[in-house]
Amino acid sequence: MAETNGLLVGLTGGIGSGKSRVANLLEELGAAVDCSDKIVRELQSPGGAGLAAIVDAFGREYLTPAGELDRPKLGKLVFQDPGARLRLNLLIHPLVTAEHQRRAAAHRARGVAVIVADIPLLLEGKKAGRGTGAVLPFDVIALVYARQEQQLERVVARDGLSHEDALARIASQLPIEEKRALADVVIDNSGAWDDTAKRVRELYDEWVRRARV
């Protein structure tokens with residue numbers, strides 16, 4: 001099949017906004033969806049380029065006895081040390097970006113009209129001027145939106161966290177209203193799911209039409 005100019009959509013949202021559910025619906029509709037979190041896990045698995053880079057930068061003490069990444073130990077380090085977090089991001093983001101680019105090219109080569117890069121912190125990278133969100137050539141950045149009080153309710157219910165822990169996770173991201181101002185398209189998931197799904201289907205159809213122009 002001939003290569004196409006598949007539309008590249010950057011899909012993001014706040015924690016608890018429902019981004020994963022929207023991504024699943026887009027995939028059901030026919031989009032090719034690549035999740036950056038899954039790509040990171042693949043890169044950080046044994047033999048992955050990300051794991052090798054982490055060992056080079058931080059040492060073998062961040063491996064388990066089985067040779068896998070000790071995620072809790074590394075997570076504790078980067079949570080407490082902003083410098084270490086920046087070093088980790090500078091190692092991993094270029095690898096994730098390159099993989100998203102490789103996959104997008106493969107999707108276009110097989111004629112996919114809508115390609116979705118599911119990136120939780122896309123707009124954080126865009127605002128900072130670096131990271132995955134800043135360098136991928138998106139045609140559209142779509143935000144899945146829910147009000148902060150809804151985010152809090154959903155994260156507490158979903159993850160079993162205290163209100164304080166849930167608020168801390170929400171606070172670690174760019175505020176949802178700031179994300180809304182940076183996005184090209186807002187998918188409002190603050191109401192009934194049927195309304196959200198209708199909006200997603202309308203957007204998908206629009207994106208397919210744009211890809212075929």
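## Pockets and cavities

On a 1 Å grid over the protein atoms alone, a pocket is an open set of points with protein on both sides within 12 Å along at least five of seven lines, whereas a cavity is a set of points where a 1.4 Å probe fits but cannot get out; lining residues have an atom within 4 Å of a point. Grid points are joined across faces, edges and corners, and a volume is the space filled by probe spheres set on the points.

The structure is a predicted model, in which local features need pLDDT of at least 70 and side-chain atom pairs count only at pLDDT 80 or more, while totals for chains, interfaces and linings use all residues. Residues are numbered from 1 along each chain as its sequence is written, and side-chain values use heavy atoms, with hydrogens and water left out.

## The second largest pocket

The second largest pocket has a volume of about 240 Å³. Its lining consists of 14 residues, and Asn24, Val33, Cys35, Lys38 and Asp118 lie nearest its centre. Helix H1 (19-29), strand E2 (32-35) and helix H2 (36-43) are the elements that give two or more residues to this lining. H1 provides the largest share, five residues. Helices (H or I, at least four residues) and strands (E, at least two) are DSSP runs, numbered from the N terminus.

## Helix H5

Helix H5 covers residues 82-109, 28 residues in total, and spans 40 Å from its first C-alpha to its last, close to the expected 40 Å; that expectation is 1.5 Å times one less than the number of residues. At the start of H5, a side-chain oxygen of Asp81 comes to within 2.9 Å of the backbone nitrogen of Gly83. Just after the helix, Gly111 has a positive phi of about 85°.

H5 bends by about 25° at Ile92, with Pro94 following within four residues. The bend is the angle between axes fitted to the seven residues ending at a residue and the seven starting there.

His107 belongs to H5 and is buried, with a relative accessible area of 11%; buried means under 20% (1.4 Å probe, protein chains only). Leaving aside residues up to four places away in sequence, His107 touches Ala32, Asp34, Val112 and Ile115, where contact means heavy atoms within 4.5 Å.

The whole structure holds one cavity of 30 Å³ or more. The largest cavity has a volume of about 40 Å³, and its lining includes Asp34, His100, Arg103, Ala104 and Ile115. H5 and strand E3 (114-118) each supply at least two lining residues.

Definitions and conventions:
A polar contact is a pair of N or O atoms within 3.5 Å; within protein, one must be able to donate a hydrogen and the other to accept it, and residues adjacent in sequence count only if both atoms are side-chain atoms. Buried means under 20% relative accessible area, exposed over 50%, partly exposed in between (1.4 Å probe, protein chains only).
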